[in-house]
Structures are given as C-alpha cells and as structure tokens.
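Good morning, colleagues. Please have the sequence and the coordinates open as we go through a few points together.

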Amino acid sequence: MADGFFGYPFRRLFLSPPAYHEWSGSTALMDWLESPTAHIFKVNVPGFNKEDIKVQVGEGNILHIKGDGGKEETHEKDTVWHVAERGTRKRGFSREIELPEDVKLDQIKAQVENGVLTIVVPKDTNPKQSKVRNINITSKL
C-alpha cells in the first residue's frame with residue numbers, strides 16, 4: 001500500500017533524504033524538466049564562465065553542480081553605495097540532485113549560454129534487469 005502512495009518519485013521525497021540540496025552565496029535557481037528521452041536541468045548562473053562551473057556525478061547517481069568565483073566588483077574609495085542588492089563579493093553556489101536510476105551517466109552533456117547552465121541527462125531506454133534474486137532454500141546450511 002505504501003508503494004502505491006509513496007511510489008516514484010514521491011518515495012524519495014518522503015522516505016529518504018531530499019532529492020536535491022542547495023547551498024548558495026547567491027541563488028542558483030533551477031528548473032528540472034523531463035522529456036521522453038532525457039532529464040534536462042536549467043540553472044541560472046549569471047556572471048559565471050564555464051571555467052567557474054564544475055559538473056560531476058558522484059556515488060549514488062548524485063549530480064553535483066558547483067560554481068566558484070564569478071566577478072568581484074571593485075569601486076573607488078570615494079564611491080557611495082545607495083543600494084547593494086546584486087551582491088558585490090565573490091559568490092558561489094552548489095546543488096546536489098539525486099538522479100533516477102534509468103539514466104545514461106556516460107552521455108551527460110552540459111553547456112553555458114547567456115547565463116544559463118543547461119545539463120542534459122539522457123534516459124536509458126533499455127529495461128534494467130530485475131534486482132529481485134531468488135535464493136535456493138535447503139534443509140541444511
């Protein structure tokens with residue numbers, strides 16, 4: 001019964017750690033889209049070059065997205081600040097996303113264009129072998 005209510009993708013939301021985590025010195029807003037052939041992540045990364053961003057897949061199908069650096073604005077000493085909402089210090093962000101099991105980890109692609117990082121994670125259309133394994137029962141071990 002619990003699998004019916006807490007089935008994928010809700011099982012991960014309620015019964016395990018969060019599907020994604022965020023730490024940020026700036027907000028790296030993200031969209032996660034799913035098409036029939038891929039998972040597509042779009043992350044706002046204004047001011048970051050491709051050299052400032054690192055994308056990795058770790059143990060447990062965890063996609064790590066990290067940005068360090070960015071532009072640090074400097075101003076003359078006699079400059080008067082009236083409003084500072086955009087942030088003027090070095091900034092960074094980090095996201096961790098638990099990918100589904102049906103993805104091709106070796107075919108992930110990423111690109112940065114116009115302040116948006118797009119990561120395409122293709123789906124594996126071949127059915128996976130069942131994780132269920134029958135165990136022979138004997139009368140003696």
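Over residues 20–25, pLDDT stays under 50, and the model has 16 contacts beyond four places in sequence for that stretch. Residues 10–18 also have pLDDT that stays under 50, with 13 contacts beyond four places in sequence. I raise these contacts with a caution: where pLDDT is low, the predicted coordinates should not be read in detail. This is, after all, a predicted model. For the protein chain, the average pLDDT is 78, and 70% of the residues score at least 70.

Let me turn to Thr118, which has its place in strand S8, residues 116–122. Is Thr118 buried or exposed? Its relative accessibility is 17%, and because buried means under 20%, Thr118 counts as buried. Which residues does Thr118 contact, once neighbours within four places in sequence are left aside? They are Ile40, Phe41 and Lys42, together with Lys109, Ala110 and Gln111.

My remaining residue is Gln107. The loop between strand S6 (91–98) and strand S7 (109–113) is where Gln107 is found. With a relative accessibility of 38%, Gln107 counts as partly exposed; the reason is that this class lies between the limits of under 20% for buried and over 50% for exposed. Leaving aside neighbours within four places in sequence, Gln107 is in contact with Val120 and Pro122. For the pair Gln107 and Val120, the C-alpha to C-alpha distance is 8.6 Å, at a sequence separation of 13 residues.

Methods:
Residues numbered from 1 in each chain as written. Predicted model: local features only at pLDDT ≥ 70, side-chain atom pairs only at ≥ 80, totals over all residues. Heavy atoms only, no water. Helix = DSSP H or I, 4+ residues; strand = E, 2+ residues; numbered from the N terminus. Buried < 20%, exposed > 50% of the residue type's maximum accessible area, 1.4 Å probe, protein only. Contact = heavy atoms within 4.5 Å. pLDDT = per-residue confidence, 0-100.
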